[in-house]
Amino acid sequence: MTILELLAADASIGDDVDRIVVVAPHPDDEVLACGLLLAAAVERGLAVRVIAVTDGEAAYPGHDPDELARLRRREQVAALAELGIGADAVHRVGLPDGRVGDHLATLADAIVAHCSSGSLLVAPSVHDWHPDHEACGEAVRRLPSTSCAVRWSSLFWAHHHPERLVSSGPRLLRLEGTERQRAARQRAVAQHRSQFRHPTGRGAPILNVDRISHLSQPFETYVEPGQ
Ligand SMILES: [Zn+2]
């Protein structure tokens, strides 16, 4: 079973929403999971905040983490620029890549500081397979329900490792994107060059054609609030 078989309802940004807050565990998650949502938010003139949880410095063990962090921060800014989002929309929390779960309280504080009663808050699902992704979902779960207007959970790794998500019986939302939004998302993802090529040129990169195959769909998937 693929998670696409679980799609249950169409999603749209409600009229009561004036700000989109996207939690990205690593640079690239903001566009891999939420690129269409961010592009739509810009077109509607909504405020956007990206909570950059880590700098993704541990993506390639053995590679200089400081150098990788600098590179990935630049790539994230370039990716968001493709969607029309400025660098000032990014709030960097600076948690250690791979150990987000050790800092849930810090992360929850950082997220809630950027939310308002008109915010649509999107963070990875607690069933998004990667420990840092699931920790982000857990941090949001701990926030009071009054901290934002609506919450959706985003999905990236669950497209490839769906078992736990599927067994949780989720209702999935489908956010349609226009052709223009999809093209912007594609350009944005391509800015994360370090993820498509191993730094030494000899190892396997984090992303490849298969890992971004969900981007060929004209929609993005989210988990309904409360799940
Ligand atoms: Zn990630």
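User: What should I know about the model before we start?

Analyst: It is predicted: local features need pLDDT of at least 70, side-chain atom pairs count only at pLDDT 80 or more, and totals for chains, interfaces and linings use all residues. Residues are numbered from 1 along each chain as its sequence is written, and side-chain values use heavy atoms, with hydrogens and water left out.

User: OK. What volume does the largest pocket have?

Analyst: About 270 Å³. On a 1 Å grid over the protein atoms alone, a pocket is an open set of points with protein on both sides within 12 Å along at least five of seven lines. Volume is the space filled by probe spheres set on the points, which are joined across faces, edges and corners.

User: Which residues lie nearest its centre?

Analyst: H26, A59, H130, W157 and I206. The lining has 18 residues; a lining residue has an atom within 4 Å of a point.

User: Which helices supply at least two of the lining residues?

Analyst: α1 (29-43) and α4 (131-141) each do. Helices (H or I, at least four residues) and strands (E, at least two) are DSSP runs, numbered from the N terminus.

User: And the lining by class?

Analyst: Seven nonpolar, five polar and six charged residues. Nonpolar means Ala, Val, Leu, Ile, Met, Phe, Trp, Tyr, Cys and Pro; charged means Asp, Glu, Lys and Arg; the others, Gly among them, are polar.

User: What lines it?

Analyst: L4, L32, A33, L155, H159, R185, H214, Q217, F219, E220 and T221. α1 and β8 (219-223) are the elements that give two or more residues. β8 gives the most, three residues. By class, this cavity lining has five nonpolar, four polar and two charged residues.

User: Now helix packing. How do α1 and α2 sit?

Analyst: The axes of α1 and α2 (residues 65-82) come within 11 Å and cross at roughly 25°. Axes are lines fitted to C-alpha atoms, for helices over the stretch in contact, and angles run from 0 to 180 degrees between N-to-C directions. α1 and α2 are therefore roughly parallel, the word for angles under 35 degrees.

User: Which residues meet there?

Analyst: E30, V31 and L38 in α1 meet Q76, A79 and L80 in α2. Contact means heavy atoms within 4.5 Å. That contact has four nonpolar, one polar and one charged residues.

User: And α1 with α6?

Analyst: The axes of α1 and α6 (residues 179-190) come within 9 Å and cross at roughly 130°.

User: Last pair, α3 and α4. What's the geometry?

Analyst: The axes of α3 (residues 104-112) and α4 come within 9 Å and cross at roughly 65°. L104, L107, A108 and I111 of α3 contact A135, C136, E138, A139 and V140 of α4. Eight of these residues are nonpolar, none is polar and one is charged.

Notes. On a 1 Å grid over the protein atoms alone, a cavity is a set of points where a 1.4 Å probe fits but cannot get out, and a pocket is an open set with protein on both sides within 12 Å along at least five of seven lines; lining residues have an atom within 4 Å of a point. Angles under 35 degrees count as roughly parallel, over 145 as roughly antiparallel, 65 to 115 as roughly perpendicular and the rest as oblique.
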